[in-house]
Structures are given as C-alpha cells and as structure tokens.
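Morning, everyone. I have one structure to go through today, and I will keep it short. Please have a look at it first.

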Amino acid sequence: MGKYLLRRILQMIPVVIGSTLLIYALVFLLPGDPVVAIFKGKPAQPQVIAQIKADYNLDKPFLIQYLLFLKNALTFNFGKTFSGQLVSDVIGRAFPNTVKLALMAFVFEAIFGVVFGVLSGMNKGRWYDSVILVLSLLLISVPTFVTGFLLQYVFGVQLAILPVTASADPGFIDLLMPAMVLGSVSMASIIRLTRSEISANKYMDYVRTARAKGMSNRSVTMRHIIRNSMITVVTYLGADIGALMGGAMVTERIFNINGIGNVTYQAIVRGEAPLVVSVVTLMVLIFVICNLLVDLLYVVLDPRIRYE
Amino acid sequence: MSAKHNDGFDPRRNVTIHKDAVAPDWDADTNDNIPTEDLAPLLEVTDLSVDFTGEKGRAIHAVDKASFTVYPGQWVAIVGESGSGKSTSAMSVLGLLPGTGHVTGGSIKFNEQELVGMGEKDYERLRGRYIGLVPQDPMSNLNPVWRIGTQIEESLKANHMDVAREKRNALSKSLQEADVKVRRTDDELFIGSQDIDDLVRTTQEALASSHIENAQGKMRKLRHEWVVGSETRWAVAQSLIREGLDEETAWKIAKNHVTGSSMKDRVAGLLDEAGLPDAATRARQYPGEFSGGMRQRALIAMGLASRPDLLIADEPTSALDVTVQKKILDHLQEMTDTLGTAVLFITHDLGLAAERAQYIVVMYRGHVVESGPSLEVLQHPQHPYTQRLVKAAPSLASQRMISAYEEGAQDADAGLAHKQKAADAIANGQAVIEVQHLVKKFKLPHQKEMFRAVDDVSFSVKKGMTLAIVGESGSGKSTVANMVLHLLKQDSGKILYNGVDTSTFNSKDLLNFRRHVQPVFQNPYGSLDPMYSIYRSIEEPLRIHKIGTKESRLKRVKELLDMVELPESVMNRHPGELSGGQRQRIAIARAMALDPDVIIADEAVSALDVLVQDEVLRLLNDLQAQRGLSYLFITHDLAVVRQIADEVVVMEHGKMVEHGTTDEIFEHPEKDYTRELLDAIPGGKLSLGVDL
C-alpha cells in the first residue's frame, strides 16, 4: 500500500509537468502580442515594450520562458500579472470563492442525486421514477448557461428571492443558486448512476440471502442494496470535485462570482501566460489529488480491491 | 428464546407438542425431534401453484398443484432438473419468489399456520428464526463488502438473538413470572472468550482434586469440546458430570465460569460449528478471501444461526467439488441432527438425495410426479420420468456406456468386448497425444517461490480412446488441458501430437494442429458468442480455415446439426434462445466442424442437468464410435469418468497421483486420495433401481 501511494505520488510529477507545458505552449501560440494588447492599440515606445517584455521574460525563447516559470514556481514565486499584482494574491482572493461554490454544488448534487436515485431505483416503473428520469435527462441535455440564466431570471428577477449576481465576497445565499446550477448536470448523472446501480443490486443473490436471514426490508435496503451501490457513486462523486472546480467558469461568469474560473477567463483574454498556467497547475493538482483520494477511498469501500 | 414470544408472532400457537415447553437444549436431546406418525407436520404444502408473469402478461406456470410434507427433524429432498419448479416451491415457502413470481393457489402451512397471503412483516419474523436458508451459489450469496462475521451477526441481530439482550429479556421476564425455569436462561449463555481460561483452570483443579482417572486426557477432550460462543452453560455442566464430577461441583463451575459470550464469540462459535477452523480470525475476513467451500460453511452458519426449525438447503453444494461436497453435507447432517432441524433439501442429483434424505419428492415441469421414502423411490420408481432419472443418474451408473454404433454392441457382452478392445488399445495403440513430464509454474503474489500448478505429468491419449483427468479444483487439470491445446506454454516437458513435438510448430503447423485438436469448454453460456447466430458460430471454424464454398459450408453446418441431433431450424437462432444442453450440442457441433482427431473436453458436461448430461455423454460416445475420435476428458466428477473413460489420470496439487484403466481405478484404487474421491461420489453405495 505504501509503495502504491509513493508510485502514485511520483506519477503526479510528469502529469503536472506535461499539462503545464501544454498550457504554456497554447497560451504562447495565442495570436497577437499580449504586450501590444496592454496599450489597447495606442502607440507605445519600443523601449517600454522591450522593458515589459524583459520583465516578463517574453523576449526569451519559449522553452526558456517555460523553464524560468517552472523554476520560480518551485519556490512558490508565480510572478506578477500585467497589472502588477502578485499572481499568488489574485489566486488567493479568487480560490476560496471557487472552493465554496464547488463544495456547495458537491453537497447539493450528492444529497439530491443519491436520494432521487435511490427513490427511483427502488421503485422502478412507478410514476415518480419516470418523472425523475425525464427531469434528469432534461438537466443533462440542457447546457448550464441555459439553466443558469433561467434560474437567474425566475428566482432572481421575477420572484426576487435570491440575489441575481454574487457580491465581491459571496456568502451562502449568494452562492445558493450558482451552486445548484453548477451541480445540476452532475446531479442528474448521479441520479441515473444510482438508479441503475440500485436496480441491479436489488436482484443480487446476497440480497435474497439477507432477506432469508430475517432482516427487515429497511436494513436490507440500507446495508446490502444502497451500501453496495455507493461504491461506484462515491467514486464518481470524488472525481467530480475536481471537475466542479474546473467547470465553474461558465457559472462564475453568469453569476459574476470572483472565482478561479473568472480569473482564468480574464487571463486568457489578456494572454497572461503566467496567470493562466498557475491557475491550470493548481487545477491539475486538485484533479490529480482528488483522483488519488478516490482510488484510496475505493479500497475502503470495496474490500475486493487491493492495491499492490 | 424469550424474544420470540415478545415479537407477537408465534407460528406454533396451535401445536400440541410444544418444543419450547421443554428446555430447548439443542445440543443434547434429539429424541423429541425424531419424526413419528403422531407428530404434527412442520411444513405442509398442499396443491401449491406458482405463476410467473411472462411477456405480454402471459402466465407461466412454474409450479402446478405441488404437495409435500416435512416432519420435524426430517430430511426431505426435492429432486428435479432445472426449471422443474423445485427451487420455486422452496422459495415460496420463504416468501422470496424472484421477480414476477406469485402464489396463485394452494396452501403452505408451517406449524399449522397458513403462510400464503401473509404480510411482509410477518414473513420477516418467520425468516431466519423459524425457517433458514442455505442458498445455492456460495460465490454470489455473500455480500462482498461486509466481513463474514458481520454478515452472520446480521442474522443474529435480525432475529433478536443478540445474546446480551436476550439475557436482559429473560431477567425482566423472571421478575414478572415466578415460575420461570432457571435452565432456560442458562441455556442462552455461551462460553465467552473471557471465560474460557478460568473455566479450563478451575476444571483442571476440580478434576485433580476429585482424583479422577486420566484427568489429562479428559481435560484435552473437554478443551476440544468447549468452543467459545458455541457451548452453553448447560452443556458445559453436562459434560463435566459426564466426565465424573459430581452434579453440584459441575453446576458450580458452569455457573461461575460460563457467564455469557459477546456477539463476536457467538459468531465465531457458529462458524466453528459449521466446520470452519480458526473461526475467530476467519470471521474478520471478507468473502473474497474465502474459498467456495469455506463460503458455503459460512452460509450454513448463517442459515442455522438463529436455530430455525426448518432449513431450506437449495442445492447447497452443487457448485463445489465432490470431496468438499461430501464433507460439508456430512457436517450439515450432523448439525441438523443434533439441533433437531428439519431440512428441505433441493437437488438435481437423485443419488445425493437418496443418500441424504429419508423422503424424496420428484418434480417435473412444475408437478410433483412421485414422492415416497428414498429407497422406495430409487428402487421402485413408478413414474416414467423418475425411471429415466434413475437410469441417467451418473452417480448410480456402474459401467461405461457402450455406443450402439460400436461393433458387436448388440451382443449381450458388448461391455466385455469394449473392455477387451480398450485394453488392447491402451497397451499397443497409437498415441495421438502424448504428454511427457509436463511442468507449469505460476508466480503467486507475495510469494517468492513459484507455485507448481502442474508438476511432472505424463500420459498418452490413444487413438479412438478416452482418457479422463480427474481432480478437485486447483489440481491443475485444466492447466494441463490448456497446455495441450497450446493456449498456455509449459515450463518444461513435451507435448507430442502424432509423435511431433508441438513446441516446434510454426504458425502453419499450429493452424493445422488447431484444426485437428478441438476444445469443448465447460460453460455453454460463455463459450458461444451471444451476438452470433448458431449458423455463424458453427461455420466460423470452416471460414477461418478457408474450407469449401459458401454453399458447401451451409451443407456442412446442416450435417453437423444433424449429427448432434438438432433441427436445421436452430441455425438462425441465437445462443440466448437455446437451453444449456442445446448450447453444449452446438459447441460440440462447432468442435466437430473441422473433422478433428482429438476433442479436449474441459468439464464439458459439469454444468448440465443429469438427463441432459446423459444425452450429451451418449452423443460424444456415439461420435467416438463412429469416427474413431480420441477424447481428453477433464472433469471433477468420477461418476462421469466411469461412464465415458477408458483410462484415468488422477491429479492432486498438480501431481499425478494415480494412472490406470477405469476398471483398475474404480475397483482397486491404490492411493488414499483416489479412494477419497470415490467415496465422495454421492449415492455411490446405493443399489440401483430394481424395477428397471
């Protein structure tokens, strides 16, 4: 197990290097000169431009730029944005909001996804199973910006019970609607996953054996049907945490939340390679760590799995 | 037992003979459980009909007016092939019919209480505590995510057999009722793990001070008997009295030192009773760490945990090796005898049923066609189906099948003629497949040493003869088959095909070899592609080897279907639409497509019902007589070996234990292991149907 863990952690190194290199290259290849773009088309003195380029290492070849970034990043120096702020400060301000949003979305999708999925799976063919199934399909097929704008309009504008956009330092109420929008697609997937797992596990031989032991329907459902169905569902949920953080870009734009997604969007527009790459590195790390945790969780949930 | 009165459900309320009225000392007195004429039946099923709702609401009658009775303490077997309704009947007793199954008529009386139409809550109280279940497949009947011990604990808890709680209940009861017997509460106290050391020490001292002869030997015996969580205070006292202590001292020791066990101890005790060694450690393991036999023991412990009056054993050992089967059934029989549990034993094997049960019920297509005392049914079968079953039962067959196609088969002593021929062939015949000093090693996780799955095995398959390799699972017999088939490479040793070393084959030789040596595998459900039509499955080998034109291939497929006695119309169907026996015929047809010399049958008939198995064996035998095929038959079932093989190789732990002609092996087995295998054939010692 210890060996396995070490191997997994070492595996993270090439993943992080590879992904940052890729992102760096993509930003480097973006059309247009970012420094020229700073001046918004106004003429600028060549010396000034050259100075800025030197400050941000933009005059050096691509690989050198990347290696310099990597070297600084190792010492937790992520550089400055074009507006002179420390990248670490920008991320530090935005990151907690994204985490809050992602966690709220996570709780939302986990609770409602599992509850509706179990309800649906245990009562396959009943009318509410059909309703849940149709609604979940609808949520999966409609993109988040549609559900986002729809909820914003209904609950924010028409009914005015929830804020339309988030404040600079968003609280629970601010993030309630965004979290629901962000979690809705995954929730629908979890409903479907739980439903199919439950309805498959319902007919397992060991479930019949449990009933034959004289166990009540309630404990059979809890201990043998739901417990076994949760193996795949929890795995899915774990992997989804990373996806929620990365996928918050659209939601954050719609509700104007000062989160990582918004920051990334701005940085891409401005072609600020250090900022984009820093954010992406962070995301990649979160993703990889989440996946590792899920794999470890898997061992706890399913004793059949043993890592060598 | 106080909990059972508290839950408001008592199926025994109308019964005159009240087992609970006597002290429920399960371990000692079985006298009141021996079935007698004047005893009320425990389970009485009358005219039971069960329907399943098929496609478009069509009713499928799975059980039609079936009746049978089980008396307390009796073993009753329901025998029949798959689909005969035997399991369905048993499951309707438990109220656990699968899917759309429902009882449409008749009555099921358990201790004179009607079960048909009973509510789910009442069933929950009935299950486990009054009627237990040992299910069929040990692999799928334990939840892989819970520890074995936890799953047994569940059955104790579900039926309020929680030892601690029981003690409390009994105490509160004794405060209310003055005439409560002390022995009842004593009986619910098991030796706890904290008790055992003191108990042993005190007993040792007591034995020493009362100057009893052979105190050490007696102590050893007691130490062996006293299993934590399994022996009751009463039983401890009794055993002490038996060993010569006076009653007063014995009870004093028992009362002072058997103070009740924890749930964990009880679970370990139950597992120990079911014959699982080192039970306390085992209870903490997961099903994945158990072998099939161990799992079945855990399931038995589970089924008997709450001491039911009736145990439904649904083919409890058909997934296991014969030797394991024998051990487990012996143990189950011993346990149910001491506990006085009645058993409804579901099996497809008539020999096994006759050997174990006092009473047999034969079911065929949902009907009970015959029932009566075991030997009566076996020796004087009345119904044609039972007669066929008796004839086909491999465990009851006593000699090799002789094909009608064989020369001189119509003679009275065809068997003798075949034996003569076989002896000749074995002595002087030409070897088609020859295996010399075959070795195969596998790397096991966490172990430095290589595991020798096959260790120095040599034999030869003679032309037109059948050689069977027998052994339990894990003996390496299938590994040998895979190496002979060139699907696995041996580590050392040689395999010769018609005198040529197969390891020297280039790809063209190999293709040619594959054409002439064809496999038939165990699972007819897995070895046919479900997406392929039957035609495509049989035609595939012809296509691969580029034989004939489209038209000639069609003709060949028709011929092959005719050969395996299936109508041409199955060509357009898919495996899912055929029965197990039909699929195995298709698999044989496919193997025969290329006119092979050798067929390697790896447990080819093990998954089939007795009658179907008999048909398939006859088919294989006829094909051999007609075409001079050689068979390498891999099986765990010695009964099958006797029917089809001329020569036998017995394997154990990868080694060849014994090698000889079938007659030699069956009549004069030299090794203990072979004798053990022979003993394990169910019903092996029962005499055949006399009326046939």
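Let me start with burial in chain A. Of the 308 residues in chain A, buried ones make up 34%. Keep in mind that this is a predicted model.

Next, what is chain A built from? Its secondary structure comes to 13 helices and zero strands. If you read along the sequence, the pattern is α-α-α-α-α-α-α-α-α-α-α-α-α. For the overall dimensions, the C-alpha trace of chain A spans about 85 × 55 × 30 Å along its principal axes.

Now the contacts inside chain A. Take those with a separation of 6 or more: 74% of them are accounted for by residues 24 or more positions apart.

There is also an annotation to mention. An unreviewed UniProt entry places the feature "domain: ABC transmembrane type-1" at residues 95-298 of chain A. Over residues 95-298, chain A is 83% helix and 0% strand. The end C-alpha atoms of that stretch are 28 Å apart.

Last, the contact between the chains. How many residues does each chain bring to the contact? Chain A gives 20 residues and chain B gives 25 residues. On the side of chain A that touches chain B, α9 (205-212) and α10 (217-246) each supply at least two residues. The largest share of that side comes from α9(A), with seven residues. And what kinds of residues are on the side of chain A that touches chain B? They divide into six nonpolar, six polar and eight charged.

That is what I have. Thank you.

How values were computed. Residues numbered from 1 in each chain as written. Chains lettered and ligands numbered in written order. Predicted model: local features only at pLDDT ≥ 70, side-chain atom pairs only at ≥ 80, totals over all residues. Contact = placed C-beta atoms within 7 Å. Helix = DSSP H or I, 4+ residues; strand = E, 2+ residues; numbered from the N terminus. Nonpolar A, V, L, I, M, F, W, Y, C, P; charged D, E, K, R; others polar. UniProt positions renumbered as here; feature names shortened; annotations may be inferred. Buried ≥ 20, exposed ≤ 12 C-beta atoms within 10 Å, placed from the backbone.
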